[in-house]
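Thanks for coming. Please have a look at the sequence and the model before I start.

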Amino acid sequence: MGNIFNRPIVGVVMCRECIEGHYTQTVEEKYLDAVFAAGGLPVALPQVLASQPYALDSVIARLDGIFLTGSPSNIEPHHYGEEGIEEWIDPGRDKLALTLIRSVLDQRLPLFAACRGMQELVVATGGALHRQVHNEPGFMDHREDLSQSADIQYGPAHPVIVEPGGLLESLLPGTPLFEVNSLHGQGTRRLSPSLRVEASAPDGLVEAVSVRDHPFALGVQWHPEWRIEENPVSRQLFEAFICACRDAMVEERAVQENVL
């Protein structure tokens, strides 16, 4: 397993909900376990960081990468120029994630985003979302069946087609098509020029994006954290992310040594 102190430190966003009358911030174990299994050291980030002057910058300076998790909540539509409300929102997560993304991209730290995390990446860079993909003409229903067990919900739902010449193809050589799970009601409607389409579903919905001219900033619409030990594609993606984080850690240590 190696020296725990040689692992790159990965900040993981948390969600806020009310449990038995107490507001609580949580992150599901599967996300933390996936980061750790790939060789990283996950650290949960409380939402208050986005509201305190200099707090977030101070924390980012100690991190080697950021992982944006999925969540049942939806991004508030005013963040991408639309009116109305969503049934389940998490304003603190919106603020933390969108602020984190912009700071991390400016500092060129590695970033990996899953499901809601990819939608946050789309919105933070100036894109917009379909608020109910299943009601949009031409698209399939990408939601999970909540009456089924988790094994079925997170099982293969449809293939994705990898775009040639991009980051995803370089990470998964010889894998132009593979199956993914699908547990989301919203999806990408429009991308900003700063993002590149990395993969799409058979119905044309964007399933993966990367940030142009960035060492490693990848978003996927599925859940690669689910049992990564059983999924070679998921394992490769997480290991590539942690490798990028490790490179960032080594580079930062070299800078600090030169300063001293």
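This is a predicted model: local features need pLDDT of at least 70, side-chain atom pairs count only at pLDDT 80 or more; totals for chains, interfaces and linings use all residues.

Residues are numbered from 1 along each chain as its sequence is written, and side-chain values use heavy atoms, with hydrogens and water left out.

Let me begin with helix α3, residues 91-107. Helices (H or I, at least four residues) and strands (E, at least two) are DSSP runs, numbered from the N terminus. The expected span of a helix is 1.5 Å times one less than its number of residues. For the 17 residues of α3 that gives 24 Å, and the end C-alpha atoms are 24 Å apart, which agrees. Just after α3, R108 takes a positive phi of about 60°.

Which residues of α3 are buried? Buried means under 20% relative accessible area, exposed over 50%, and partly exposed in between, with a 1.4 Å probe and protein chains only. Among the buried residues of α3 are R93, D94, L96, L100 and I101.

Now the cores. In soluble globular proteins, nonpolar side chains tend to be buried together. A nonpolar core here is a set of buried Ala, Val, Leu, Ile, Met, Phe, Trp, Tyr and Cys residues joined through side-chain atoms within 4.5 Å. Of the 35 residues in the largest nonpolar core, L68, L96, L100, L111 and L121 touch the most other members. Elements that give two or more residues to this core include α2 (55-60), β5 (65-68) and β12 (206-211). What gives the most to this core? It is α3, with 7 residues. A second, separate core of 34 residues includes A38, L167, L168 and F238.

Contact means heavy atoms within 4.5 Å. Leaving aside neighbours within four places in sequence, L68 is in contact with residues including V13, R93, A97, I101 and L111.

Next, the largest pocket. On a 1 Å grid over the protein atoms alone, a cavity is a set of points where a 1.4 Å probe fits but cannot get out; a pocket is an open set with protein on both sides within 12 Å along at least five of seven lines, and lining residues have an atom within 4 Å of a point. Grid points are joined across faces, edges and corners, and a volume is the space filled by probe spheres set on the points. The largest pocket holds about 930 Å³ of space. Of its 34 lining residues, S71, P72, S73, N74 and W88 are the closest to its centre. The largest share of the lining, 3 residues, comes from β2.

K30 is in helix α1 (residues 29-37). Is K30 buried or exposed? K30 is buried, with a relative accessible area of 15%. Its side chain makes a polar contact with the side chain of Y154 at 2.4 Å. A polar contact is a pair of N or O atoms within 3.5 Å; within protein, one must be able to donate a hydrogen and the other to accept it, and residues adjacent in sequence count only if both atoms are side-chain atoms.

S234 lies in helix α7 (residues 232-259) and is buried, at 5% relative accessible area. A polar atom of the S234 side chain lies 3.2 Å from the backbone oxygen of P224.

P46, in the loop between β4 (41-45) and α2, is partly exposed at 31%.
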